[in-house]
Each structure stands twice: as structure tokens, then as C-alpha cells.
Amino acid sequence: MAESATAFAARLRTRFADATVHVALPRGEVGMVVAPADWHASCQALRDEFGFEMLIDLCGMDYLGHGSDEWDTDVSSEGFSRGVEGKGAGRFGFGEQHSQQLAQPDGEGAIAVPAQRFAVVVQLLSIANNRRVQVKCFAADDALPVVASVNDLWPGVNWFEREAFDLFGIMFAGHPDLRRILTDYGFIGHPFRKDFPLIGNVEVRYDAEKQRVVYEPVTSVEPRVGVPRVIRDDARYATAAGEDRDLKVGGARTGAGEAK
């Protein structure tokens with residue numbers, strides 16, 4: 001009989017006492033978060049002791065601005081709001097500075113914001129045991145995010161780690177050939193970081209007089225706004241409730257004014 005997700009998670013908690021193990025039910029997806037100092041050793045134990053012989057994917061993550069957005073999607077008598085206030089991560093022009101800090105929401109339904117900004121996530125597969133696990137590690141230093149390379153454990157991760165370095169600026173200590181893999185030669189910055197301008201830093205065009213391609217600061221592109229995904233099954237009921245609420249609030253204000 002196949003081992004249940006909760007039983008597998010219990011084995012992981014026993015073996016990796018300092019790690020955080022979680023199970024997403026009812027899907028049965030098991031994941032664990034390990035400290036950067038334990039990253040390589042934990043991955044090696046998962047390969048040798050738990051039979052995860054295959055690394056499916058590795059990617060970087062940037063938690064800057066996690067839990068915050070620029071759009072108000074609450075419903076009122078005017079429908080869904082489209083207002084954009086302030087400037088979120090990535091929405092600023094060439095030469096402008098960005099100083100947004102990590103959002104710290106609180107209250108019911110709040111999103112937990114990690115203390116560190118950059119993380120590396122791997123998806124492991126055990127064909128023999130028909131089991132998958134997600135392993136995450138947060139880099140200790142946001143200014144220079146560094147984690148150990150696992151290229152010696154799964155050689156196929158070579159280009160995945162190069163991609164995470166190229167796009168997020170995450171360094172992989174011990175990687176045999178850590179250099180850019182997707183961006184152009186001489187590219188400045190890391191385009192998947194949240195504070196990288198969505199319009200880019202430079203624009204490329206062909207100069208007929210110089211008869212060559214030239215790089216110039218972005219002047220012809222307006223900063224873009226990231227639009228959140230909002231599921232609207234049927235907005236009529238929510239809009240009606242918003243109208244009723246606005247009418248009550250407006251009536252209460254009018255009554256208070258007459259009373260004065």
C-alpha cells in the first residue's frame with residue numbers, strides 16, 4: 001500500500017528536525033523549508049536516503065512586496081475599483097529609485113511575509129517510490145543571496161541554476177560555470193527581481209547613421225501596471241450588496257446631518 005502524504009511528512013520531520021515540513025491537503029503535496037546552511041546536506045539526504053533520484057525543476061523566487069498590491073478589488077455601488085495608488089515594485093521609470101519595503105499585513109486572512117527576500121525552490125521526484133516533494137531554501141543575505149549548488153547531486157540542474165542566477169541574481173556556491181544564460185551580453189541587472197523596472201533599463205534600436213545597433217535609456221515606454229487576477233463568478237450580487245451598503249452609509253450620514 002502506498003505511503004500517505006501525512007506519513008511521509010512525519011518521516012521528513014523526524015529526519016530533518018530543523019526543517020519546516022507542510023502538507024497541502026487534499027492534494028497531498030508535501031513541501032519543506034530548510035536553512036541555507038543545511039541546503040546541500042538536506043538535498044543529498046533526500047537523494048540518498050529517500051530515493052529522490054530526479055530533480056525536475058529549480059527556480060528562484062523574490063518576495064519583495066509579497067502580500068501587497070496596487071489595486072483595490074472590493075465591490076461598491078460603482079462596481080470593481082480600477083484605481084492605482086502609489087508605485088508598486090517594478091513600476092517606475094528609468095533613473096527613478098525604488099524603496100518599497102516588504103508588506104507586513106496583519107489581521108484575519110493575512111499573508112505571512114518571509115523575513116528573507118530571495119528563495120530557491122526545487123521539485124524532486126522519486127520514480128521508485130512514486131513520490132514528489134518540494135524543497136525551499138531562503139538565502140541568508142538579501143544584498144548578496146547565496147546558496148550552495150546541488151549540481152554535484154543532480155548534474156541536470158546546471159542550467160536551472162544558471163537561469164536563477166541570470167534572472168534573480170542568486171549565486172550558487174560551487175557551481176562549475178555560473179554565468180548568464182538567457183539575457184544578452186553586457187546585460188545590467190536581473191529582470192525577474194521585483195524591483196527591476198518593468199519597462200527595462202535600456203531600449204535597443206538600429207542607428208542608420210552609425211550603421212549599428214545602439215543601446216539607449218528607455219524614453220518611449222510608459223511604466224506598466226501589474227493587474228491582479230480577479231475571479232468574478234457573477235458581480236451582480238456583490239454589486240447589489242455594495243449598493244445597499246453605500247445607501248445605508250449615505251442615509252446614516254444624512255440623518256446625522258439633519259440631527260445637527
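Reader: What's the bridge partner of Leu124 in β7?
Author: In this predicted model, Leu124 has Val133 as its bridge partner in β7. Strands here are DSSP runs (E, at least two residues; helices are H or I, at least four), numbered from the N terminus.

Reader: And how do β6 and β7 pair?
Author: Antiparallel, over eight bridges; pairing takes at least two DSSP bridges between two strands. They form a hairpin with four residues between them, and Asn130 in the turn has a positive phi of about 50°.

Reader: Before I go on, what are the ground rules?
Author: Residues are numbered from 1 along each chain as its sequence is written, and side-chain values use heavy atoms, without hydrogens or water. Local features need pLDDT of at least 70 and side-chain atom pairs 80 or more, while totals for chains, interfaces and linings use all residues.

Reader: OK, helices. Which residues of α2 are buried?
Author: Trp39, Ser42, Cys43, Ala45 and Leu46. Buried is under 20% relative accessible area, exposed over 50%, partly exposed in between (1.4 Å probe, protein chains only).

Reader: Where do they sit on the helix?
Author: They fall within an arc of 160° seen down the axis, so they line one face of α2. The arc is taken from the directions from the helix axis to the C-beta atoms.

Reader: What covers them?
Author: The cover includes α1, β2, β6, β7 and β8.

Reader: What does Trp39 touch?
Author: Beyond neighbours within four places in sequence, its contacts (heavy atoms within 4.5 Å) include Val34, Val120, Val122 and Val135.
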